[in-house]
Amino acid sequence: MRNIVEIKDLRVSFGSNGERLEAVSGISISVPERSTVGIVGESGCGKTVTALSIMRLIPEPPGRVDDGEIIFDGADLLKLSERDMRAIRGNRISMIFQEPISSLNPVFSIGEQIGEAIRTHLKVSKREERERVLELLRLVKIPEPHKRLNSYPHELSGGMCQRVMIAMALSCNPELLIADEPTTALDVTIQASILELISELKEKIGMSILLITHDLGIISEVADKVYVMYAGKIVEEAPVINLFKNPRHPYTVGLMNSVPSLHSRKERLRAIPGIVPGYKDLPIGCRFQDRCPMVIDKCRISEPPLRQIEDGHVSACFRAEEVSLGFLNEATAKSEKLRNEEWQ
């Protein structure tokens, strides 16, 4: 299957006065045609920076793409002129941003805001623009689209604003839709309807989706393939079924153990100990070493490379073959016991 976009060894840094910190450290990601690829990880791991790099929206300064390629339709997006990039951005590649209320302009009606992308990329009359906006509002299932056309963002609920953002992103039938935490700050029932809507529209339009989230539950529902990010690096990559059936990195298992289950209501959630290291304080060797219950001496002196464990399943862990939900739960319990004894 042809890849709609390929990210190769991307490196992005931020800083000033000669001091730079690398937020994305040599990651490679591919999104096949008509598929949904998920990037999952804790806040601050580099997911959004990766998405903004594809859109060429990294603020420079202080940000900068230091190395790598982002191949779309045979061209490296990082080498295109700003004029050529504007022809792609919002047209062939669109993005749904976090926090829809803050992403919409409060002084323009939603009809004007959806119509802007149509005016920018498509040569249509005023009447055709209005009909296209109404069509999009119907497509994202906003009730009474004729009335909502002249509404302002503050007059809509969070779920409705998110649907408006989706309508804006789909206005030119993009080949790739980047959805950055599309259900953040929405209640559970609205989350479900938004995810269902995105999946339906993917099938109707035939686009690919790059879904960025910290929620493994969302990934399990809609993704075909998953990349797990930690501290600016990819630590595991697998088809979604393989990832949930047989995770091969301790961080992935930690994320899974942090998800509440209806079948284990009496069990205490196992939080991943510690915090993500700051980019100023990245350890030598594996970046997950200080939080990992399976750490060995080798992890503290050498950085584990991404390697294939099974067909289509890669992991950046020296002990990937030993990783399993049961084994890691036991190791985590032992490390928790040791930490409690140290505190006492």
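Helices are DSSP runs of H or I with at least four residues, and strands are runs of E with at least two, both numbered from the N terminus. This is a predicted model, in which local features need pLDDT of at least 70 and side-chain atom pairs count only at pLDDT 80 or more, whereas totals for chains, interfaces and linings use all residues. Residues are numbered from 1 along each chain as its sequence is written, and side-chain values use heavy atoms, with hydrogens and water left out.

Helix H8 (residues 188-205) contains Lys-202. Lys-202 is buried, at a relative accessible area of 10%; buried means under 20%, exposed over 50% and partly exposed in between, for a 1.4 Å probe and protein chains only. Beyond four places in sequence, Lys-202 is in contact (heavy atoms within 4.5 Å) with Arg-34, Ser-35, Thr-36, Met-207, Ile-209 and Asp-224.

A nonpolar core is a set of buried Ala, Val, Leu, Ile, Met, Phe, Trp, Tyr and Cys residues joined through side-chain atoms within 4.5 Å. The largest one has 60 residues, and Ile-166, Val-226, Val-228 and Tyr-251 have the most contacts inside it. Helix H7 (residues 158-169) gives the most to this core, namely seven residues. Apart from it lies another core of 33 residues, including Ile-4 and Leu-176.

Elsewhere, Ile-110, Gly-111, Ile-114, Gly-115, Ile-118 and Arg-119 in H4 meet Glu-129, Arg-132, Val-133, Leu-136 and Leu-137 in H5.
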